[in-house]
Amino acid sequence: EYFDGNKPVILTLAYYRCPMLCTLVLNGIVEGLSGIDQVPYEDYKLLTISIDPEEDSDLALSKKKNYMDEYFSMANEDTWTFLIGNEKEIDIIANSLGFSYSYDSEIKQYAHPAVVYIITGEGLISSYLFGIKPSTRDIAYALSEAGTNNITSSFEKLLMYCYDFDPLRGSYSLVVSNIMKLGGIITIILLGSFTALNWVREKRKYA
């Protein structure tokens with residue numbers, strides 16, 4: 001019912017009580033959209049779905065009101081939709097998007113990637129925008145592609161995790177475990193490439 005077969009949709013998964021990354025991503029979208037020559041609702045729509053099954057409709061409505069009043073006060077009220085759901089519904093959507101997230105019960109926060117999905121009017125993923133501040137150029141291009149139902153491939157999966165905020169320094173800290181994982185993967189790739197290259201050289205040498 002939401003996808004009309006025509007307008008592309010900017011889709012994000014977040015949670016409305018998020019103390020950090022979610023707001024940065026949503027604000028980044030707004031900033032990027034402010035520079036494009038397209039009309040909200042007429043040319044595109046925005047859809048945000050909470051990944052927290054404990055959040056209710058009042059919270060979603062409050063979030064919607066904040067963003068509509070601040071950034072889209074002159075636009076159609078259906079420009080940006082904020083939805084909630086139960087755990088099963090959220091998992092179905094997250095799995096269909098390839099969106100991985102987890103809940104840390106100790107700090108009561110979700111760890112999740114910073115990614116914006118650009119969906120065609122027919123409900124197909126056209127492209128991915130990673131990071132907290134997609135550029136105006138990238139958003140404009142992605143919407144243009146989605147508007148013609150083009151599907152673009154993405155090989156970069158740069159994930160930023162909404163995880164820890166340092167109130168003393170007033171900044172967001174990196175998750176050490178993710179850095180170690182990334183470093184380990186890079187090391188394995190480099191070592192594998194080096195070993196394979198040496199093996200090929202040795203084989204040619206004694207052939």
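1. Start with packing. The buried residues of α4 are in contact (heavy atoms within 4.5 Å) with β1 (9-14), α1 (21-33), β6 (115-119) and β7 (125-130). Helices (H or I, at least four residues) and strands (E, at least two) are DSSP runs, numbered from the N terminus.

2. This is a predicted model: local features need pLDDT of at least 70, side-chain atom pairs count only at pLDDT 80 or more, and totals for chains, interfaces and linings use all residues. Residues are numbered from 1 along each chain as its sequence is written, and side-chain values use heavy atoms, with hydrogens and water left out.

3. Which residues of α4 are buried? They are Ile139, Ala142, Leu143, Glu145 and Ala146. Buried means under 20% relative accessible area, exposed over 50%, partly exposed in between (1.4 Å probe, protein chains only). Seen down the axis of α4, the buried residues fall within an arc of 160° (directions from the helix axis to the C-beta atoms), so they line one face of the helix. Arg137 and Tyr141 are exposed on the other side of α4.

4. An α-helix has 3.6 residues a turn, so residues three or four places apart point the same way.

5. Just after α4, Asn149 has a positive phi of about 60°.

6. Now the second largest pocket. Its lining has 11 nonpolar, 3 polar and 1 charged residues. Here Ala, Val, Leu, Ile, Met, Phe, Trp, Tyr, Cys and Pro count as nonpolar, Asp, Glu, Lys and Arg as charged, and the others, Gly among them, as polar. α3 gives the most to this lining, with 5 residues.
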